[in-house]
Amino acid sequence: MIIIKNGKVVTADKTIATDVLIKGEKIAEIGEKLHVEGSQIIDAKGKFIFPGGIDMHVHLNLYFCNSYSENWDSATCAAACGGVTTIIDYAIQQKGHTLKEAVEGRMKDAEGKVAIDYSLHGGITDWNEKTKEEMNYYTKNGIPSFKMFMIYRKEGWMADDGILFSALEETKKTGALIMLHAESAFILDLLMERYHTEELMKKYGAYCHSLSRPCFTEYEAIQRAATWAKVTGGRVYIVHISSSEGAEILKKAKADNVNIWGETCPQYLLLTDEVFKKEKGHLYATCPQIKKKHDKEGLLRAIKSGDLQVISTDTCTFTTEQKDMWNGDFTKIPYGMPGVETMVPTMYTHLVKRHKLTLNKFISLISTNPAKIFGLYPQKGTIKVGSDADLIIFDPKKEMTLDYKKLATKCDWSPFQGMKLTGYPEITISRGEIVAKDGKFIGKIGRGRFVPRKAGGKI
Ligand code: URP
Ligand code: ZN
Ligand code: ZN
């Protein structure tokens, strides 16, 4: 048993000075002056007690752009060190294969390597009657969300409008959620092809990514998806929104009663496309690409107003050695960046300290809303009697400069290198076990479990 004393418990609704008693894996009691003989006492004086972060968008050990992203073990240890206690990864179907194969393959891959709890979204790349049946089966059996891609034609992952429309019709009946990577495939491919010349690549380098991906390549696709969700009555969630205009579409669609939700990521809130002009600018290639200053500002507004409900990271970690394989060709850079370990502290500094977001709103974005939308609530995403004891003891006064060398990830760079942080997770507790302290993993790899989720989630 553990009793956390003298801290301030922060949930999406309130902040209260109270003790928390953990028995086994669960929160057993919340109240003043708790005492149970023989308990371990954690003194949280001056600290916040947050529900564990939920990063519902990561890609671990994904073979993508000819490379494998960081594996489950080091990446989930890193997540724990940064205060994340649950991740949701993707089981992406291969063409000609079933979703079942993808899910079972992913679970086998994760087995024995996961340090915190995890779940999976399905990834649909081959839509047919069988896939539809499987989608409906998994919706009732622990995996009620499915990513579809409006791009990645060459990879064979793209869902066209007819497929998207049919899948959304199903979600109306079943309560499943379609998660969409929304970019305009044909225009994007055309623009990328235009910049894919020796002359332009020599001139602009990795900045070709910015030049070939204007905002309309995202917001046009979001608008189309919102239209299909409206007319089908289906349920859609737009992942990794990078443009201000994209977030505006969600605001309008919500006002029009469309079942639509969306996320953005730290890279879009903290960086601009100027990063591509740096000496190592190619490291920042991700998908979608980082946009302009006005997008960064618009996304912050959308986070503040609630037009975007979730912050996730889209972690897909490649080392500099892997990134360097581009050899000057912007279309060959492995897309993706590290982020799961730094989500909670960077977003606390940016949103709460710099932009005065309330603590409760911050918790809703990094924990409670993803738990509600993705069917984990109230097992996870809050601090309640009976919930899993997934907690962060957060030191709001800790000052540090973000340095990838001090992080637990195996990655040898960080997109947020040098960021001045105020506030950092001091202790991370996952299902009642202290798994990280002062940025070091002290739990056991392999202790993490698959968490089944419920359909129909919303906020
Ligand atoms: O660029 C990234 N983050 N790669 C992962 C695949 C995706 O589109 O989310
Ligand atoms: Zn994506
Ligand atoms: Zn992704």
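Predicted model: local features only at pLDDT ≥ 70, side-chain atom pairs only at ≥ 80, totals over all residues.
Biologist: Why is the approach of His181 to ligand 1 called a polar contact?

Modeller: A polar side-chain atom of His181 lies 3.0 Å from an oxygen atom of ligand 1. The limit for a pair of N or O atoms is 3.5 Å, so the pair counts as a polar contact. The side chain of Thr286 has an N or O atom 3.4 Å from an oxygen atom of ligand 1, which is also within 3.5 Å.

Biologist: How much of ligand 1 does the protein cover?

Modeller: On its own, ligand 1 has 270 Å² of accessible area, and the protein covers 100% of it. Ligand 1 sits in the largest cavity.

Biologist: What does it take to say that ligand 1 sits in that cavity?

Modeller: More than half of its atoms must lie within 2 Å of the grid points of the cavity. Ligand 1 is placed in the largest cavity on that basis.

Biologist: Which residues are the protein donors of the zinc ion (ligand 2), and why are they called donors?

Modeller: They are Lys147 through NZ, His181 through ND1 and His240 through NE2, at 2.2 to 2.3 Å from the ion. The cut-off for this metal is 2.8 Å, so these atoms count as donors. In sequence, the donor residues are spaced K-x33-H-x58-H. Lys147 is in strand β13 (residues 145-149) and His181 in strand β14 (residues 177-181), 34 residues apart, and the pair links distant parts of the chain.

Biologist: Where are the cis peptide bonds?

Modeller: One joins Cys287 and Pro288, with omega about 5°. Pro288 lies in the loop between α10 (266-270) and α11 (293-305). Another joins Tyr377 and Pro378, with omega about 0°, and Pro378 is in the loop between α14 (359-373) and β18 (391-401).

Biologist: What is the phi of Asn327?

Modeller: Asn327 has a positive phi of about 50°, although it is not a glycine. Asn327 lies in the loop between α12 (320-323) and α13 (343-354).

Methods. Residues numbered from 1 in each chain as written. Chains lettered and ligands numbered in written order. Heavy atoms only, no water. Polar contact = N/O pair within 3.5 Å; in protein donor to acceptor, adjacent residues only side chain to side chain. Areas by Shrake-Rupley, 256 points an atom, 1.4 Å probe, with all protein chains shown as cover. 1 Å grid on protein atoms, 1.4 Å probe; cavity = no way out; pocket = protein on both sides within 12 Å on 5 of 7 lines; lining within 4 Å. Donors = N, O, S within 2.8 Å, 3.2 Å for Na, K, Ca; no water. Helix = DSSP H or I, 4+ residues; strand = E, 2+ residues; numbered from the N terminus.
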